[in-house]
Amino acid sequence: PLANKEKIYFSDTLEFNHIIAAAPLIIHDHVMALYKKDDFNQPHQIECNDIRMMLSFLRNSLGIGIMSYLDAYAFIENGEFEFRTIHEN
């Protein structure tokens with residue numbers, strides 16, 4: 001349902017599991033900083049330090065991926081995934 005929205009905010013994602021890159025993946029620090037800045041506490045999250053495993057979770061519809069565009073680029077280009085930017089202040 002989020003793929004059809006023009007803009008997505010963190011509040012739109014509350015009902016979904018967040019699949020988040022864990023350390024040592026570089027995007028982890030950026031995601032945690034964003035969560036902290038917005039005082040966002042997602043009760044449903046899966047942390048994983050392997051992009052291939054994250055992609056497997058996404059393929060099995062276990063949540064939405066919070067990841068960089070570069071990590072998902074090939075899968076976006078071949079039409080397997082949708083990429084939407086989270087808009088926050």
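Reader: I'm new here. Which strand does β1 pair with over three bridges, and in what sense?

Author: This is a predicted model, so keep that in mind as we go. Strand β3 (residues 64–66) is the partner, and β1 pairs with β3 in the parallel sense over three bridges. To get your bearings, find I20: I66 in β3 stands opposite I20.

Reader: And which strand do four bridges join to β1?

Author: That's β2 (residues 45–48), running parallel to β1 (residues 18–21), with four bridges between them. Look for I19, which stands opposite I46 in β2. The chain gets from β1 to β2 by way of helix α1 (residues 26–37), and this β-α-β crossover is right-handed. I20 has a place here too: E47 in β2 stands opposite I20.

Reader: How should I read the directions of side chains along β1? Which ones point one way and which the other?

Author: The general idea is that side chains in a regular strand alternate between the two faces of the sheet. In β1, H18 and I20 point one way, while I19 and A21 point the other way. All four are buried.

Reader: Now helix α1. Is I27 buried or exposed?

Author: The idea is to check relative accessible area against a cut-off: buried means under 20%. I27 lies in helix α1, and I27 counts as buried because its relative accessibility is 17%.

Reader: Let's zoom out. In what order do the elements run?

Author: Start at the N terminus and read β-α-β-α-β-α. That comes to three helices and three strands for the chain.

Reader: And how does the radius of gyration of the chain agree with a compact globule?

Author: A compact globule of 89 residues would have a radius of gyration near 12 Å, and the chain has 12 Å, so the two agree. Along the principal axes, the C-alpha atoms fill a box of roughly 35 × 30 × 20 Å. Buried residues make up 34% of the 89 in the chain.

Notes
Residues are numbered from 1 along each chain as its sequence is written. This is a predicted model: local features need pLDDT of at least 70, side-chain atom pairs count only at pLDDT 80 or more; totals for chains, interfaces and linings use all residues. Side-chain values use heavy atoms; hydrogens and water are left out. Two strands pair if DSSP finds at least two bridges between them. Helices (H or I, at least four residues) and strands (E, at least two) are DSSP runs, numbered from the N terminus. A crossover is right-handed if, with the strands pointing away from the viewer, the path from the first strand over the helix to the second runs clockwise. The radius of gyration is taken over C-alpha atoms; the globule rule is 2.2 Å times the number of residues to the power 0.38. Buried means under 20% relative accessible area, exposed over 50%, partly exposed in between (1.4 Å probe, protein chains only).
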